[in-house]
Amino acid sequence: MTISLNDDHAFLPMPPAPHPSVGWTFTLRSGGASQGPWGAYANPTDNTPSDDTTLVAPDGQAPQQEKACPKAPSPASAAPGSTGSAPGGLNLGIHCGDDPAAAHENRRRVEATIGQPISWLKQVHGIRVLDLDETHPDTDASRGTNRHAPSQEPQTHVQGTSASADISPATDTPVPEPEADAQITTRPGIALAVQVADCLPVLLADRQGRVIGAAHAGWRSLAGGILQATVQKMHQKVPDADIVAWLGPSIGPAVFEVGDEVRAAFIAAAQDMATHLQGRPRKQEDAQCTARAESAFQPGRKPGKWLANLPELARQHLHALGITDIHTAGACTFSDPARFWSYRRDQTCGRMAGLVWIKP
């Protein structure tokens, strides 16, 4: 299913989850409590609240109504100067210029819709993986998560492969979100979230529903090894996990222009990964790995510029990890402003989220 809080025509077909105990979804920009630059694109003057969340069936046909979405107050009932109480955009990012109260309200509505508390991350374009099973003994994931903490996506690169989680009960006091770009768990009753606005959301789940993961795969994280680190941590939990992947909407290969350094980083990453995972002499693998990575880049408009295919690069990395059951949304965030925010297109924009959970 995909979640849109205010637009019955906005949907994104998603494949069925790989196991009945697993749920996964992706939020669209329509509906929600934000307005201004975060409001609905298609009809910004339409402030008609929606009573229910539109949950779209995997085949994109008949909508399924599951949990009702709380109705937003009309603009007339909003407090003077407030942007958070009128319906508009389903922005889930706290630090992207929106009213924080609106973003918190949107997060609450998504939690109510999926029926699970959500674990949010402070994403830093690194390769750190949060393990929600490594919580303090006196915490309980079923009581809530760091849903009220700030969220942002600064352009930095953080090294590391794991972090312990501190899941605290839901309160009105903000708590710091852990810095990481992926998270995993074997626990039921907690949804893993990754926020995006051009970067690639990757949702991962074992066919038997024993372990799940979610990764924020911008180019820095992807080239740095975020998928390898995430899958490795999942296999540490469940060694025989048969993992299925869903690649969500991201900036598309027709518009994602990058420099020589990005292309070189992925070519080097492919070569290093083949050597590490397959244990073969580098000279026997270099040509094939280089060719595969190069195939994901097409010449750009100027010398030294390339059009990068982020989902294809992610598929290559997943294939190298032995994951071949890969579903791809095939949607470009930059080219579809009615459904998606795009940082490269708008600079000031909201955040969508990919979410995956094991049902209690």
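1. Let us start with Arg108, which has a relative accessible area of 37% and so is partly exposed. Please keep in mind while reading that this is a predicted model. Which residue forms a salt bridge with Arg108? The partner is Glu105, and the closest N and O atoms of the two are 2.6 Å apart. Glu105 is partly exposed as well, with a relative accessibility of 21%.

2. Helix 6 runs over residues 310–320, and the two partners, 3 residues apart, are separated by about one helical turn. Are these side chains buried, exposed or in between? Glu312, at a relative accessible area of 22%, is partly exposed. Arg315 is partly exposed too, with 23%.

3. Asp336 and Arg339 form a salt bridge in which the closest N and O atoms are 2.7 Å apart. How many salt bridges does a search of the whole structure find? The search gives 16.

4. What does Val110 touch, once its neighbours within four places in sequence are left aside? Val110 is in contact with Ile3, Thr27, Leu90, Leu92, Ile118 and Leu355.

5. Now to the rings. The structure holds 3 aromatic pairs. One of them is formed by Phe26 and Phe340, an edge-to-face pair with 6.5 Å from centre to centre and 65° between the planes. This pair links distant parts of the chain, 314 residues apart: Phe26 is in strand 2 (residues 22–27), and Phe340 is in the loop between strand 17 (326–328) and helix 7 (343–346). Phe26 and Phe340 are both buried.

6. Phe266 and Phe297 form another pair, with ring centres 6.0 Å apart and planes at 50°, so this pair is tilted. Phe266 belongs to helix 4 (residues 260–278) and Phe297 to strand 15 (residues 297–299), so parts that are 31 residues apart in sequence are tied together. With a relative accessible area of 1%, Phe266 is buried. Phe297 is buried at 3%. As for clusters, ring pairs link Phe26, Trp246 and Phe340.

7. Two arginines sit over tryptophan rings. Arg107 lies over the face of Trp120, 4.1 Å from the ring centre. Arg263 lies over the face of Trp306, where the distance to the ring centre is 4.2 Å.

8. Are its faces covered or open? Both faces of strand 9 (residues 182–185) are covered, with Ala182 and Ile184 buried on one side and Gln183 and Thr185 buried on the other. Strand 7 (residues 129–131) pairs with strand 9 in the parallel sense, over 3 bridges, and Val129 stands opposite Ala182. Strand 12 (residues 212–217) pairs with strand 9 in the antiparallel sense, over 4 bridges; here Thr185 stands opposite Ile212.

9. Finally, helix 3. This helix covers residues 226–237, has 12 residues and reaches 17 Å from its first C-alpha to its last, close to the 16 Å expected at 1.5 Å a residue. Which of its residues are buried? Ile226, Leu227, Gln228, Ala229, Thr230 and Val231 are among them, along with Lys233 and Met234.

Technical notes:
Residues are numbered from 1 along each chain as its sequence is written. This is a predicted model: local features need pLDDT of at least 70, side-chain atom pairs count only at pLDDT 80 or more; totals for chains, interfaces and linings use all residues. Side-chain values use heavy atoms; hydrogens and water are left out. A salt bridge is a side-chain nitrogen of Lys or Arg within 4 Å of a carboxyl oxygen of Asp or Glu. Buried means under 20% relative accessible area, exposed over 50%, partly exposed in between (1.4 Å probe, protein chains only). Helices (H or I, at least four residues) and strands (E, at least two) are DSSP runs, numbered from the N terminus. The expected span of a helix is 1.5 Å times one less than its number of residues. Contact means heavy atoms within 4.5 Å. Rings of Phe, Tyr and Trp (its six-membered ring) pair if their centres lie within 6.5 Å; planes under 30 degrees apart count as stacked, over 60 as edge-to-face and the rest as tilted. A charge sits over a ring if NZ of Lys or CZ of Arg is within 6 Å of the ring centre and within 35 degrees of the ring normal. Two strands pair if DSSP finds at least two bridges between them.
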